[in-house]
Amino acid sequence: MHSVEFYGAGFPYHPIKELEGKLIVLEGTDGVGRSTQIQLLRRWLEDEGYAVSDTGLHRSPLTQVGLEAAKNGHTLSPLTMSLFYATDFADRLENQIIPALKAGFVVLSDRYFFSIIARDIVRGADPDRARAIYGFALKPDLVIYMRSDVDSLVARLVHGRGFDYWESGMDIRCADNIYDSFVIYQGKLIEQFEKMSDEFGFVSVDATRPVQAVFNDLKAQVKGLFERLPD
Amino acid sequence: MLSTGNYKGKLIVVEGIDGSGKSTQIDLLHKWLLSKGHSVYFSEWNSSDLVKSTSRMAKEKKMFTPTTFSLMTATDFADRWERYIFPLLKAGGIVLADRYAFTAFARDVARGVDPQWVRSLYSFAPMPDLTLYFRVPLDVAVDRILSSRAKIKYYEAGMDLGLSDNKVTSFRLFQQRVIDEYEKMVDEFGMTVLDGTESVQKEQKIVRQLVTKMLRGWEGLPNPLVRTRRRTAVFN
């Protein structure tokens, strides 16, 4: 058990004194290999006897339908998008992540609000305003930032799932074609992650290396966390 | 907390608890301003098509927490703001808003969220040119609501707060909290206070006087239909 901290006021109507579980976040831009690493971490932690939840991965039941519809219609303007995603994040945090932490789970979260802030700012949001929205957010026990560069991302996507409209920032038309738009957009996102790194205490891991090498680094970080915060 | 507006138009807001008479007043004001030849746009709280389905489902299934309720409401407002309110103000129209950010500040804080946090969600929204707050005693408002409506809804009554199992009791307790928040905001946001127990006609007279004073010397976007008639009159 350890003390619970928030980035701002948290949930004043529902004070949480302690949480038994641990919240581990994997951050990083699109196509950096987060989901692969989460699978590996999950298997390893379960082998070690920890109960693991990767509940943070999915859209919340509250906003899933509405957000998909809005995205398909491309009807979201930046301000509205920023608040809609914040609603989605808050629902997952309050109804999935925190209950799992209360029950003593290790929660592996594929991204946290840092990604949302990065996307908001690249779309013109004021950086302070974007951060202030997340005053309710719980401070994770560990945030691992999977650092990459645009060239490595391009290589992964070309050999993987290809270029996605939203991941390429086509809603803000960074360029007249999806490839150039992807390069510009992801470059801007990486810039935002770098800015947040010190501020939010990210632990950076070079994600351009082979899967196993990255995984070994992640394991070392998680082990270090368990030693610092014994249960 | 709220930004200063950069637009030619005028933003007029009515605030107050349910049953304070504000919607009746803004409706009369709307018709009057149209008859005066102004370009007027009316916007209602929680009316964005974008979030309607999500919001309805969440209310039916009682999925909201105070935080998600607050964020969903802000999303609804942001959508209306970006799509209609802001462009119309820039064009020089008069925008009438039945409830504004202050409603969120009152209700969401009454639900228990942090006052500064909810204010930060609306920091993009400008201070209105005129904010009319319809002050009314709780009993008067509750009587009006109970006699005019079939039933009070779950979130309207603040049932999610577990204040009481009885809907009417819960509604009263919740609305009192909302009133307390409004009263704190009168000075903070320079609201003009109106007596919500006055007769509709007497109150409308005051509303029109306040609006006339605010619009004095201002030239907004004329209503093209009305302008045509005026020109005809001049040439005759």
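## Close-up views of a predicted two-chain model

**View 1. Helix 3 of chain A has a kink of about 40°, centred on L93(A).** The model shown in this and the following views is predicted. With 25 residues at 1.5 Å a residue, helix 3 of chain A should span 36 Å, and its end C-alpha atoms lie 34 Å apart, which agrees with that expectation. Because 20 of its 25 residues are buried, helix 3 of chain A is largely enclosed by the rest of the structure. After the helix comes G104(A), a residue with a positive phi near 90°.

**View 2. The largest nonpolar core contains 125 residues.** Helix 3 of chain A, made up of residues 78-102, contributes the largest share of this core, namely 13 residues. Within the core, the residues with the most contacts are V107(A) and I144(A). As general background for this view, nonpolar side chains tend to be buried together in soluble globular proteins.

**View 3. Chain A and chain B meet through 26 residues of chain B that are in contact with 26 residues of chain A.** On the side of chain B that touches chain A, at least two residues each are supplied by helix 2 (49-60), helix 3 (66-90) and helix 5 (115-121) of chain B. Helix 3 of chain B gives the most to this side, with 10 residues. Sorted by class, the side of chain B that touches chain A has 13 nonpolar residues, 9 polar residues and 4 charged residues.

View 4. The buried residues in helix 8 of chain B include E203(B), V207(B) and V211(B). An α-helix has 3.6 residues a turn, so residues three or four places apart point the same way. Helix 8 of chain B is followed by G217(B), which has a positive phi near 80°.

**View 5. G169(A) lies in the loop between helix 6 (150-158) and helix 7 (178-199) of chain A.** G169(A) counts as buried because 22 other C-beta atoms lie within 10 Å, where the cut-off for a buried residue is 20 or more. Leaving aside neighbours within four places in sequence, G169(A) is in contact with V122(A), C174(A), S181(A) and Y185(A). L189(A) is 20 residues from G169(A) in sequence, and their C-alpha atoms are 10 Å apart in space.

**View 6. R111(A) has a positive phi of about 80° although it is not a glycine, and R99(B) has a positive phi near 80°.** Most residues other than glycine have a negative phi. R111(A) is placed in the loop between strand 5 (106-110) and helix 4 (113-122) of chain A, and with 18 C-beta neighbours inside 10 Å it counts as partly exposed. R99(B) is found in the loop between strand 3 (94-98) and helix 4 (101-110) of chain B, and R99(B) is buried, with 23 other C-beta atoms within 10 Å.

Methods:
Residues are numbered from 1 along each chain as its sequence is written. Chains are lettered from A and ligands numbered from 1 in the order in which they are written. This is a predicted model: local features need pLDDT of at least 70, side-chain atom pairs count only at pLDDT 80 or more; totals for chains, interfaces and linings use all residues. A nonpolar core is a set of buried Ala, Val, Leu, Ile, Met, Phe, Trp, Tyr and Cys residues joined through C-beta atoms within 7 Å. A residue is buried if 20 or more other C-beta atoms lie within 10 Å of its own, exposed if 12 or fewer, and partly exposed in between; C-beta atoms are placed from the backbone. Helices (H or I, at least four residues) and strands (E, at least two) are DSSP runs, numbered from the N terminus. Two residues are in contact if their C-beta atoms, placed from the backbone, lie within 7 Å. Ala, Val, Leu, Ile, Met, Phe, Trp, Tyr, Cys and Pro count as nonpolar, Asp, Glu, Lys and Arg as charged, and the others, Gly among them, as polar. The expected span of a helix is 1.5 Å times one less than its number of residues. The bend at a residue is the angle between axes fitted to the seven residues ending there and the seven starting there.
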